Amino acid sequence: MLVSVLNGFAIGFLLFILAVGLSIVFGMMDVLNLAHGALFLGGAYLGAAFAGSWGGFLAALGLAAVGGLAAGALLSLMTEPLRKRSHLDQALLTLGVAFVVAELLIIAFGDDPLSVSAPPALDGSVSVLGATYPAYRLVLIGVGAVLALAVYLVVERTRVGALVRATVADREMVATLGIDNRLVKAAVFAVGSLLAATAGVLGGPIYGARPGLDATVLILALVVVVIGGLGSVRGALVGALIIGQVDTLGRVLLPELASFVLFAALALVLVLRPRGLFGSPASVSTR
C-alpha cells in the first residue's frame with residue numbers, strides 16, 4: 001500500500017506540473033488550450049530521443065523548455081483574435097493544432113510505443129520504510145513539490161504575479177500604465193506551455209511516449225483543473241494530488257472500475273462545490 005500511495009504522489013505532482021499552466025491560462029487569461037496534451041507528448045518524445053545519459057536528459061529538458069516557450073507564444077498569437085469569441089472557437093482551434101502536432105510526432109518518431117529510461121543513478125530503487133521504491137519517482141515527488149512552491153510564490157508574492165492578476169482584473173487600467181496586456185497574456189501562455197512540455201520529459205520514464213498519450217493526459221489535466229478550480233495554483237496542486245491518489249489506488253484496489261472511480265470523484269466535487277475546491281465565483285482568483 002505504501003508503494004501505491006507514493007505512486008499516487010508521483011503521478012499527482014507530475015499532473016500538477018502539467019495542469020497548473022492549463023489552469024492559469026484558462027482561469028486567468030480566459031483561453032481554453034486543448035493543445036496542452038500535445039505539448040506534453042512532444043516532451044515525452046524528446047525524452048525518448050535523448051534518454052540514456054544525464055546529458056541527454058538535461059538536453060531534452062532544455063529543448064522542451066525552449067520549444068514550450070515558443071509554442072506557447074505562438075498559440076497566444078493564434079488565439080488572440082478569438083479573445084472575445086466563445087470558448088468553443090478557442091477549443092476548435094487549439095484542438096486542430098493538437099491533431100497536427102500529434103500527426104507530426106508520429107511521422108517523426110513512428111507509431112510504436114517508445115520506452116523512456118530514467119537518468120543514470122536514478123534508474124534503480126531505494127528503500128522507503130522497508131519498501132522498495134524507484135529512485136526516479138521519489139526524486140520526481142521532490143521536484144514537483146519544489147516547483148509547486150516556486151509557482152505559488154511567483155504568482156502570489158512577486159511583482160510579476162501582481163501584474164498578471166492586475167491584467168486579469170482590469171486590462172484597460174494596465175494598458176493605461178503603458179503595459180501591453182497582450183504581452184502579459186503571451187508570457188503566461190508561454191510559461192504554461194513550458195511546464196507542459198517539461199512535464200512530458202519528466203513523465204517519460206513513467207508513461208513512455210506513444211500516440212494517444214496526449215489525449216489521456218489532457219483529460220486528466222482537465223479533471224484536475226475542474227476539481228481544483230480555475231486559476232488557482234493551490235487548487236491545481238490539491239486537485240492533482242487527489243487525482244493522483246484516486247487514479248493509482250483505484251487501479252490497485254478496483255482495476256475494473258478505475259475510470260469510474262476517477263470520474264465519480266470529479267462528479268462528487270462538482271455536486272458539492274461547482275466552482276471547484278478553490279475556485280472563486282469569477283474563476284479568476286489564484287487563491
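1. Helices (H or I, at least four residues) and strands (E, at least two) are taken here as DSSP runs, numbered from the N terminus. Axes are lines fitted to C-alpha atoms, for helices over the stretch in contact, and angles run from 0 to 180 degrees between N-to-C directions. The model is predicted, and local features therefore need pLDDT of at least 70, side-chain atom pairs count only at pLDDT 80 or more, and totals for chains, interfaces and linings use all residues. Residues are numbered from 1 along each chain as its sequence is written, and side-chain values use heavy atoms, with hydrogens and water left out.

2. The packing of α5 and α8. Two packed helices are described by the angle between their axes and the distance between the axes. Helix α5 (residues 135-157) and helix α8 (residues 181-207) have axes that come within 11 Å and cross at roughly 150 degrees. Their crossing is left-handed; this term applies if the near helix is turned anticlockwise from the far one by less than a right angle, and right-handed applies if clockwise. On the α5 side, the contact (heavy atoms within 4.5 Å) is made by Y136, R137 and L140, and on the α8 side by V201, L202, P205 and I206. By class, six residues of this contact are nonpolar, none is polar and one is charged. In this scheme Ala, Val, Leu, Ile, Met, Phe, Trp, Tyr, Cys and Pro count as nonpolar, Asp, Glu, Lys and Arg as charged, and the others, Gly among them, as polar.

3. The packing of α3 and α4. The axes of α3 and α4 are 10 Å apart, at an angle of about 140 degrees. This crossing is right-handed. L75, M78 and T79 of α3 meet L93, T94 and V97 of α4 in the contact. The contact of α3 with α4 has four nonpolar residues, two polar and no charged ones.

4. Aromatic pairs. Rings of Phe, Tyr and Trp (its six-membered ring) pair if their centres lie within 6.5 Å; planes under 30 degrees apart count as stacked, over 60 as edge-to-face and the rest as tilted. Four aromatic pairs are found in a search of the whole structure. One of these is the stacked pair of Y45 and F109, at 4.7 Å centre to centre with 15 degrees between the planes. Because Y45 lies in helix α2 (residues 36-50) and F109 in helix α4 (residues 87-109), this pair ties together parts that are 64 residues apart in sequence. Y45 is buried at a relative accessible area of 1%, whereas F109 is partly exposed at 31%. Buried means under 20% relative accessible area, exposed over 50%, and partly exposed in between (1.4 Å probe, protein chains only).

5. An aromatic pair within α3. W54 and F57 form an edge-to-face pair, 6.1 Å centre to centre and with 90 degrees between the planes. Both residues lie in helix α3 (residues 54-79), three residues apart, which is about one turn of the helix. W54 is partly exposed at 38% relative accessibility, while F57 is buried at 11%. Together with Y136, W54 and F57 form one aromatic cluster. Y136 also belongs to the contact of α5 with α8.

6. Helix α2. This helix has 15 residues and reaches 22 Å from its first C-alpha to its last, close to the 21 Å expected at 1.5 Å a residue; the expected span is 1.5 Å times one less than the number of residues. Twelve of the 15 residues of α2 are buried, so the helix is largely enclosed by the rest of the structure. Among them are H36, F40 and Y45. The buried residues of α2 pack against α1 (2-29), α3, α4, α8 and α9 (213-228). Just after α2, G52 takes a positive phi of about 125 degrees.

7. A buried serine. S23 lies in helix α1 and is buried, at 1% relative accessibility. Not counting residues up to four places away in sequence, S23 touches M28, V225, G229, L230, G231 and S232.

8. Most residues other than glycine have a negative phi. A121, although not a glycine, has a positive phi of about 80 degrees. A121 lies in the loop between α4 and β1 (125-128) and is exposed, at 74% relative accessibility. L129 also has a positive phi, near 55 degrees. L129 lies in the loop between β1 and β2 (131-134) and is exposed, with a relative accessible area of 80%.
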